[in-house]
Amino acid sequence: MRRAGLIARAELALMVRSRVALIGVVALLLLSTIAAATSQAHMAQERLSRLANQTQTDALFEAQPARHPHRMVHYGSYVFRPIGTLAGFDPGIDPFSGTTLYLEGHRQNSATISAVRENSSLMRFGQLTPAFVLQTLAPLLLIFLGFSMITRERARGSLRLLLSSGVTAGDLIFGKTLALGSIGLVALVPAWLALFLMALAMPSEAGAAAMIGLGYGLYVLIWVVGIVAASALAQTGQGALLSLIGIWCFVAIVAPRGAAELASRLAPLDSRATTDLTIQAELRQLGDSHNPDDPFFAAFKARILAQHRVTKVEDLPFNFRGAVSAEGEALTSRLFDKYFVELATVQRTQSQIVSGLSILSPALAVRLVSMAGAGTDLETHLRFLQQSEAHRFAMVQYLNGLHRDKLNHADDAARSKDRAAEQRTRIAADNWAKVPDFVFKPTRAAERLSAALAPILTLSLWLGAMLVLAVWSRRVLEGRAL
C-alpha cells in the first residue's frame, strides 16, 4: 500500500510538471464547474418562467367576461410542466419532450414547446450540464491522461527496473489507478457539490441526490480502472490510445444513440397524426354529440327522458344540451385514456429495451440513474401527461355542469337566432375562478430511488468486470516482465 502511494504521488508530480496534463486537469475542473453553475442557473430561470406562464394563464382564464360555458370549453387553458430541483444536474428528456399542453374540450393535444425544437439543432448533441460533462467529456480526458501510464514505463525501460526493485505489478497498477482516480475526483467534486447544494435547497431530494452522486462515482471509477488496465495490457501507448478512443466512441456516443434507435424499431410508435385519425374514426363509430340523429345519443336521450318520466327534453329539470355535452366529453375521454395507455405501454417497452442494453454500455446505465434520480425521465413525463388529461377532463366537465344546471334549455336552443336569449345564456364571470388550478404531483423520491436501483446494480457489475480485468492485466504484466 505504501509503495502504491509513492507511485501515485510520483505520477501526479509528473502530471504537474507536464503542462499539457496540467492544462487538461484545470480545463476539466473549470468545465465541470461552469457546467454545474450555468445549468443550474438556466434551469432556475426556466423554472421561474414556467411558473410565471402558468400564473398568467390561470389569471387570463379567470379574467374572462361573462360567457356561455361551452365557449369557455373551447377557450381552454394551458398547463406547463414544472421543473424539479435536480433537473439542473441532468435535464434528461426535458429538452426533447414537450413541456406545454393546451387543454380544451373534445380534444387531447400533444405536449409542445421543447428546447430542441425551439433552439439550434446543436442542442441534439447535448447541453453543457454536469451529467453531460461526466458522461462524455470526463472519460475522454481521463483517457488522454492515463493511456500511457504503464506503456510509458515499458517504453523507457523503467518497468523491468521497478518490478525487480521489489515493486509488484499489483503495486504499480494500484498506484497508477490512485493517481488517475485523483483526476477523476477532480471532475466529480464540482458535480457532487452542485448535488449537495440542490439537496440543501430541497432536503426531500437528498436521497435522490446521493443516488445520482453514487452512480457517477461508480461510472468514473469504471473508466479509471479500465484505462489503467488497458495501459497495462497494451504493447504500446499508441495501441492503448486507439483502443480506448474506440471504446469511448462506442460507450459514450454510439451505444446510447444506437440503443434508442433499436428500441424505436423493436417497439415502433405510431405518429400523432395516425393516432388522431384512428381516434376520430373510432369516435364516429361510438357516437357524435353534435348530431341529433346519432343512434348513441338518441338512446341516451330516451334513457334520460325515461329516468325523469317526461316525454320532452324541455320538461327536464336541467338543460339537456349541457347533459349531452357532458356525456360526449366522458365518451371521448374514455377513448383518450385508452390510447394513452397504449402509447405509454409502447414507450415503456422502448425504455425497458434501452435499460436492458445498458449491460453493453455503462454510459446508458449512469444516464438511467441520473434521469430517474433527477425526475427527468420518461415516467415523469407520462405522469405529467396523465395528470394534465385528468385536469382537462375535470375542467371541461365543470363547465359542462354549468351548461347543464345554470342555463335554460329554450334559451340555449334559441341563442344563435335570438340575441336576448344569447345574452341570458351568458353566466357570471366569477364561475371561471372556481375551476381548480393545475398542480402537478411529481414522482415521490422513494419511487425514483427504486427506479435507479437496477442501473446502479448494472454499474456495479461493470466495476466488478473492470476489477477482474485489472487483476488479469497484473498477471499479464508480471509475465511480460520475466
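Author: **Aromatic rings**

Ring pairs join F296, F297, F300 and F320 into a cluster, where rings of Phe, Tyr and Trp (its six-membered ring) pair if their centres lie within 6.5 Å, with planes under 30 degrees apart counted as stacked, over 60 as edge-to-face and the rest as tilted. The model is predicted, so that local features need pLDDT of at least 70 and side-chain atom pairs count only at pLDDT 80 or more, while totals for chains, interfaces and linings use all residues. Residues are numbered from 1 along each chain as its sequence is written, and side-chain values use heavy atoms, with hydrogens and water left out.

By this rule the count comes to nine aromatic pairs. Among them, Y78 and Y102 form a tilted pair, with 5.0 Å centre to centre and 35° between the planes. Because Y78 lies in strand β1 (residues 77-80) and Y102 in strand β2 (residues 100-104), this pair ties together parts that are 24 residues apart in sequence; helices (H or I, at least four residues) and strands (E, at least two) are DSSP runs, numbered from the N terminus. Y78, at 38% relative accessibility, counts as partly exposed, and Y102, at 22%, also counts as partly exposed, where buried means under 20% relative accessible area, exposed over 50% and partly exposed in between (1.4 Å probe, protein chains only).

F300 and F320 form a stacked pair, 6.0 Å centre to centre with 25° between the planes. This pair links distant parts of the chain, 20 residues apart, with F300 in helix α12 (residues 295-307) and F320 in helix α13 (residues 320-357). F300 is buried at a relative accessible area of 6%, and F320 counts as buried at 9% relative accessibility.
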